[in-house]
Amino acid sequence: MAQNEKLAALSAAGVSVWLDDLSRERIASGNLADLIATRSVVGVTTNPSIFQAALSKGHDYDGQLKELAGQGADADAAIRTMTTDDVRAACDVLAPVFDATGGVDGRVSIEVDPRFAFDADKTVAQAIELWKIVDRPNLFIKIPATEAGLPAITAVIAEGISVNVTLIFSVPRYRAVMGAYLDGLRNAKIGGHDLAKIHSVASFFVSRVDTEIDKRLEAIGTPEALALRGKAGVANARLAYAEYQDVFDGGAHTSTYNHLAAQGGNRQRPLWASTGVKNPDYPDTLYVTELVGPNTVNTLPEKTLQAFADHGEVRGDTLSGHAVEAAQVFAELAAVGIDLTDVFDLLEREGVDKFESAWNELLEATTAELRTAAAGGN
């Protein structure tokens with residue numbers, strides 16, 4: 001089977017294509033393997049919403065639920081078992097990619113319980129637990145970039161565990177995330193860990209920024225405000241990429257990373273998340289085409305992946321060298337009355353709330369399924 005030319009070109013431009021979805025059916029049917037073989041997919045991300053959707057559809061989990069019910073498992077234990085089983089299986093499917101890329105790709109991410117987003121100690125404890133349960137070197141533990149998440153990121157990296165930092169919306173928070181990662185590498189070295197085996201990505205969310213800011217621009221309603229619709233998400237990501245280059249890619253503040261790189265430390269790549277286009281007026285490949293650059297990851301919903309395979313364009317590096325014009329977009333947003341600090345604070349709170357709501361729905365559904373299974377209904 002040949003790789004799709006458009007996605008292969010995206011990969012050749014330095015973008016690692018990851019799928020933002022996972023289910024047992026996708027693994028068992030061979031669909032994940034097919035996407036690796038034909039769509040340049042080299043990684044998988046999950047979150048509570050994705051697992052909630054997977055477990056609510058079909059009957060792929062019925063047998064295991066019945067078995068877990070017979071063992072007296074509660075909903076938390078059942079979810080932990082089912083999700084880690086799926087992630088371990090996906091890790092095995094992606095193991096050849098992991099080996100071929102020296103551990104850079106071939107990754108599968110699993111998120112800590114979102115109810116711990118504001119509790120660093122519980123986040124660290126569960127991250128270590130999940131790392132041990134899945135027991136695969138190509139696992140990423142997802143930790144949200146809340147203020148409480150920052151020390152947790154440092155602590156988990158210091159344990160030699162690879163981390164996908166998620167729910168990053170603002171450039172200042174992204175800068176803090178990069179600092180937390182480098183602090184973790186320093187502590188890992190002190191603790192005797194092999195830095196070459198520790199990897200990390202920083203998941204910077206894109207479409208949700210446009211959705212929220214566009215809503216506010218439309219409420220303002222002036223021609224100047226309306227002309228800025230659809231520009232904030234890409235501009236924000238381009239500013240983040242400039243920060244990445246400053247810290248990891250030869251910029252003014254790269255000396256700290258260079259010191260750790262000399263000891264085997266890996267760069268923390270930026271990952272563009274929330275790249276499915278929400279507004280039908282925008283091109284459905286907007287957050288792929290406009291965010292192409294070396295050493296990046298784009299985690300795509302399957303709909304966006306297939307759209308790019310069909311009609312995507314790679315126009316070279318669309319990230320580097322755009323910081324000045326991106327900053328101008330932000331200046332214009334502020335000038336028309338957009339409170340950017342309020343936007344990013346709201347998006348972080350909503351992001352945590354959405355994942356926590358999905359997790360609670362998953363707990364409720366699993367509790368009901370366990371009761372049914374225990375009663376012999378499955």
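This is a predicted model: local features need pLDDT of at least 70, side-chain atom pairs count only at pLDDT 80 or more; totals for chains, interfaces and linings use all residues.

Student: At the start of α9, which side chain reaches the backbone nitrogen of R173?

Tutor: The contact is made by a side-chain oxygen, which comes to within 3.2 Å of that nitrogen. R173 itself is one of the buried residues of α9. The side chain that makes the contact at the start of the helix belongs to S170.

Student: Which residues of α9 are buried?

Tutor: Buried here means under 20% relative accessible area. In an α-helix, residues three or four places apart point the same way, because there are 3.6 residues a turn. The buried residues of α9 are V171, R173, Y174, V177, M178, A180, Y181, L182, G184, L185 and A188.

Student: Where does UniProt place the feature "active site", and is that residue buried or exposed?

Tutor: The UniProt entry, which is unreviewed, places this feature at K142. K142 lies in strand β4, residues 139-144. Its relative accessibility is 5%, and therefore K142 counts as buried.

Student: Which backbone oxygen does the side chain of T146 reach?

Tutor: T146 is found in the loop between β4 and α8. With a relative accessible area of 1%, T146 is buried. Its side chain reaches, at 2.6 Å, the backbone oxygen of A117.

Student: How far does a polar atom of the side chain of T38 lie from the backbone oxygen of D34?

Tutor: T38 is found in helix α3, residues 31-38. Its relative accessible area is 14%, so T38 is buried. The distance from a polar atom of its side chain to the backbone oxygen of D34 is 2.8 Å.

Student: How far apart in space are V163 and V42?

Tutor: V163 lies in strand β5 and, at 0% relative accessibility, counts as buried. In sequence, V163 and V42 are 121 residues apart. In space, C-alpha to C-alpha, the separation is 17 Å.

Student: Which element gives the most to the lining of the largest pocket?

Tutor: The largest pocket has a volume of about 570 Å³. Its lining holds 29 residues, and D20, S274, G276, K278 and P301 lie nearest the centre. Elements that each supply at least two lining residues include β5, β6, α10 and α17. The element that gives the most, with three residues, is α15.

Student: By class, what lines the largest pocket?

Tutor: The residues of the lining are sorted into nonpolar, polar and charged. For the largest pocket this gives ten nonpolar, twelve polar and seven charged residues.

Student: Which residues are closest to the centre of the second largest pocket?

Tutor: About 240 Å³ of space lies in the second largest pocket. It is lined by 16 residues, and by class these are five nonpolar, five polar and six charged. Closest to the centre are F98, W131, P137, G160 and K197.

Notes: Residues are numbered from 1 along each chain as its sequence is written. Side-chain values use heavy atoms; hydrogens and water are left out. On a 1 Å grid over the protein atoms alone, a cavity is a set of points where a 1.4 Å probe fits but cannot get out, and a pocket is an open set with protein on both sides within 12 Å along at least five of seven lines; lining residues have an atom within 4 Å of a point. Grid points are joined across faces, edges and corners, and a volume is the space filled by probe spheres set on the points. Helices (H or I, at least four residues) and strands (E, at least two) are DSSP runs, numbered from the N terminus. Ala, Val, Leu, Ile, Met, Phe, Trp, Tyr, Cys and Pro count as nonpolar, Asp, Glu, Lys and Arg as charged, and the others, Gly among them, as polar. Buried means under 20% relative accessible area, exposed over 50%, partly exposed in between (1.4 Å probe, protein chains only). A polar contact is a pair of N or O atoms within 3.5 Å; within protein, one must be able to donate a hydrogen and the other to accept it, and residues adjacent in sequence count only if both atoms are side-chain atoms. UniProt positions are given in the numbering used here, feature names are shortened, and annotations may be inferred rather than shown by experiment.
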